[in-house]
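Thank you all for making the time this morning. I would like to walk you through one model, and I will ask you to keep the display in view while I talk.

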Amino acid sequence: MKRPVFDLSDKDVRNSIPEGPWVLLTPSYKTGNENNDTLPEPVKRFLREPAVRRKMIGIMGSGNRNFGAHYQAAARQIAKASGRPMLFEFELQGTQWDVEDARAILEQLDQEVAKAHGE
Ligand SMILES: Cc1cc2nc3c(=O)[nH]c(=O)nc-3n(C[C@H](O)[C@H](O)[C@H](O)COP(=O)(O)O)c2cc1C
């Protein structure tokens, strides 16, 4: 199955509401300002809409361990605030094994969603 992917840097995507269950993939960007969080602005804007948040069923994060305590801070913060599971974490663009793992996790999730809908 080809999985639809939507880019939140696209304003039209940001202003839309997912039709069904969806998974967020976000990087973390520490700005240097201690009081500023690591959430990318497009992600923050998209999640402002309650209907969008309701349909989010999990989070994946891309990060860089060099950021120490802030590693995966955005993804983890969203997971905590939303009560949705942190499905997968990888560094930078991920390795080919990360890609395989992420794909397997999403396929498993597809099956669980289908089961929950009685399919
Ligand atoms: C300015 C900057 C700040 C970053 N801050 C964090 C951070 O706080 N935590 C983290 O885990 N990764 C951090 N990263 C790593 C990015 O999350 C990582 O590079 C990104 O997930 C990979 O995608 P990209 O190649 O499109 O940047 C930062 C990267 C940059 C360039």
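Predicted model: local features only at pLDDT ≥ 70, side-chain atom pairs only at ≥ 80, totals over all residues.

Residues are numbered from 1 along each chain as its sequence is written.

Let me begin with the ligand, which is surrounded by 15 residues, the closest being Pro-27, Lys-30, Ser-62, Gly-63 and His-70; a residue is taken as near if its C-beta atom, placed from the backbone, lies within 6 Å. The shell divides into six nonpolar, eight polar and one charged residue, where Ala, Val, Leu, Ile, Met, Phe, Trp, Tyr, Cys and Pro count as nonpolar, Asp, Glu, Lys and Arg as charged, and the others, Gly among them, as polar.

Turning to the strands, S2 (residues 56–63) and S3 (residues 86–91) pair in the parallel sense over five bridges, pairing meaning that DSSP finds at least two bridges between two strands. Helices (H or I, at least four residues) and strands (E, at least two) are DSSP runs, numbered from the N terminus. From S2 the chain passes through helix H4 (residues 73–82) to S3 in a right-handed β-α-β crossover, that is, with the strands pointing away from the viewer, the path from the first strand over the helix to the second runs clockwise.

In the loop between S2 and H4 we find Gln-72, which is not a glycine and yet has a positive phi of about 60°. Is Gln-72 buried or exposed? Gln-72 is buried, because 24 other C-beta atoms lie within 10 Å; the cut-offs are 20 or more for buried and 12 or fewer for exposed, with partly exposed in between, counting other C-beta atoms, placed from the backbone, within 10 Å of the residue's own.

Leu-92, in the loop between S3 and H5, also shows a positive phi, near 50°, but Leu-92 counts as exposed because it has 11 C-beta neighbours inside 10 Å.

Last comes helix H5 (residues 96–116), whose 21 residues reach 30 Å from first C-alpha to last, close to the 30 Å expected, the expected span being 1.5 Å times one less than the number of residues.
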